[in-house]
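Subject: Structure handover

Hello,

Please find the structure below. My notes on it follow.

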Amino acid sequence: MRHLVIVLGDQLDLDAAAFDGFDPAQDAVWMAEVAEESTHVWSSQPRIAVFLAAMRHFAEALRAAGRPLHYRRLDEPATRASLAEQLAADLALLRPQALRLTRPGDWRVLQALQAVAAQQTLPLQLLEDRHFFTTPADFAAHARGRKGLRMEYFYREQRQRHGVLMDGLEPLGGQWNFDADNRAAFGPEGPGFDLPQPPRFAPDAITREVLDLVRTRFADHPGRLDSFAWPLTRAQALQALQAFITERLPLFGPYQDAIWPGEPWLYHAQLSAALNLKLLTPREVAAAAEDAVRAGRVPLNSGEGFIRQILGWREYVRGIYWTRMPTYAEGNALSATADLPAWYWTGETDMACLRDAITQTLEHGYAHHIQRLMVTGLYALLYGVQPQQLHAWYLSVYVDAVEWVELPNTLGMSQYADGGLMASKPYIASGKYIARQSPLCGSCRYRPDERTGPRACPFTTLYWDFLLRHETRFASHPRLALQVRGLARVPEEERARIRAQAAALRAA
């Protein structure tokens with residue numbers, strides 16, 4: 001064997017760089033399902049099932065393409081516990097001359113595979129992932145010489161570089177960012193009965209086999225599989241993309257920050273898992289949105305808001321990850337030490353917004369970005385959860401979670417654990433923010449406008465406690481100083497009550 005091409009669970013792309021020059025007569029593909037990838041964090045059943053089912057479908061695509069495949073299944077008695085152990089065992093049998101690998105999405109996995117290659121004295125060729133618009137080297141060049149990193153400037157560079165939503169040298173519509181148009185909440189009637197639902201893909205025989213395996217092998221893991229219907233193949237992912245562009249992208253923009261109980265999908269795309277598995281490319285996703293904008297089928301504010309997530313934010317967080325690891329994962333700039341509340345794994349809390357977001361997460365392995373940033377993430381930030389614990393939770397419960405995208409979003413954007421490298425301020429708010437974006441406060445035992453007392457919203461109590469704990473640090477912060485100055489209106493007696501009630505919340 002000339003080359004053994006290693007394919008990981010988030011690299012399900014027949015056109016990946018590691019396949020360049022592939023010759024079925026002298027090359028082969030290696031894939032393995034191993035327990036460690038589901039247990040190094042306590043992965044939820046939906047997340048495990050998405051990866052395993054998508055891998056098994058991709059194995060069929062490889063066989064159909066005539067590419068020799070060595071595939072280790074989790075339920076085979078001889079399968080080893082980790083990727084490194086399994087690769088080492090299989091190399092003794094296959095004896096390739098060299099290994100090829102497209103850059104993984106996880107620093108830990110890359111280090112483990114490189115260590116195996118070194119131990120076996122085998123060349124390991126690491127290929128850049130063409131799935132993305134940019135490479136880590138591109139991002140390093142962007143960051144070089146800058147005192148701070150801000151996604152907006154990076155995004156504008158990428159718009160110009162790739163000619164996306166441009167009118168010559170100017171942005172289409174005369175401005176780069178339509179975020180101010182995209183903060184609407186639903187009225188009292190909600191999103192309405194005509195809210196289009198995303199396509200859901202009934203499990204086929206391959207997926208049903210995986211679901212049975214996960215229910216048995218990982219019975220003690222969180223989450224449920226009763227509603228499992230994610231796109232797991234290239235064809236299904238393309239169908240999901242087309243449905244989103246046609247049916248939900250037109251109203252995605254204004255309602256992307258809105259929350260409505262019992263409606264997990266709203267106008268969001270649910271394409272992140274397919275993108276992160278490499279069933280879709282960001283270029284084709286951004287192009288489909290831009291084509292719809294230019295054809296007049298989608299308003300510019302919706303198309304731009306969506307493309308900013310693909311071309312801007314997604315590329316930005318990957319650049320942060322690969323240029324700052326491994327030390328980035330250790331960040332804890334606010335010295336947060338509290339343990340993650342146990343009810344994050346069950347959803348059993350009296351707070352209606354958190355109960356809704358976590359229950360939905362455990363049911364589907366999904367929550368949209370505001371539920372992640374400004375509900376589950378916000379509470380952890382105000383509570384003072386040790387950021388690595390929250391990182392492990394996010395990596396565990398969401399079907400689209402791969403570390404390159406999850407870690408910077410959690411530590412940088414959500415928890416400000418990198419001290420402001422990635423985001424310009426801590427994203428903090430009281431319960432009033434959630435009240436503006438959803439009707440959930442109306443059914444909650446707590447009142448978002450009260451910060452102390454038996455009915456005080458824990459978000460609001462902890463918001464004021466956060467400002468008190470970090471008053472000195474943020475008193476002169478250009479984007480947070482105004483909120484800190486609000487403390488001047490809080491008398492000392494009330495400050496003491498806020499601190500006492502916050503301490504009681506943490507002790508409960």
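The buried residues of helix H16 pack against helices H4, H10 (272-277), H12 (300-324), H14 (369-383) and H15 (387-397). Helices (H or I, at least four residues) and strands (E, at least two) are DSSP runs, numbered from the N terminus. Contact, here and below, means heavy atoms within 4.5 Å. Buried stands for under 20% relative accessible area, exposed for over 50%, and partly exposed for what lies in between (1.4 Å probe, protein chains only). Among the buried ones are Trp404, Leu407 and Met413. Just after H16, Tyr416 has a positive phi of about 55°.

Some background on the model: it is predicted, local features need pLDDT of at least 70, side-chain atom pairs count only at pLDDT 80 or more, and totals for chains, interfaces and linings use all residues. Residues are numbered from 1 along each chain as its sequence is written, and side-chain values use heavy atoms, with hydrogens and water left out.

Next, the sheet. Five strands form an open sheet in the order E3-E2-E1-E4-E5, with parallel pairing; two strands pair if DSSP finds at least two bridges between them. E3 (69-72) and E5 are the edge strands, each pairing on one side only. From one strand to the next, the twist averages 20°. Such angles run from 0 to 180 degrees between N-to-C directions, and axes are lines fitted to C-alpha atoms, for helices over the stretch in contact. Helix H2 packs on the sheet, where it touches E2 (27-32) and E3, and its direction makes about 160° with that of E3.

E4 (residues 98-102) and E5 (residues 124-127) run parallel and are joined by four bridges. Leu99 has Leu124 as its bridge partner in E5, and Arg100 stands opposite Gln125.

H2 (residues 45-64) also meets helix H7 (residues 205-217): their axes come within 9 Å and cross at roughly 145°. Residues in this contact include Leu52 and Arg56 of H2, and Val210 and Leu213 of H7.

Last, where is Arg479? Arg479 sits in the loop between helix H19 (471-474) and helix H20 (481-485). Arg479 is partly exposed, with a relative accessible area of 43%. Leaving aside neighbours within four places in sequence, Arg479 is in contact with Ser424, Lys425 and Tyr427. Arg479 and Lys425 are 54 residues apart in sequence but 6.4 Å apart in space, C-alpha to C-alpha.

Regards
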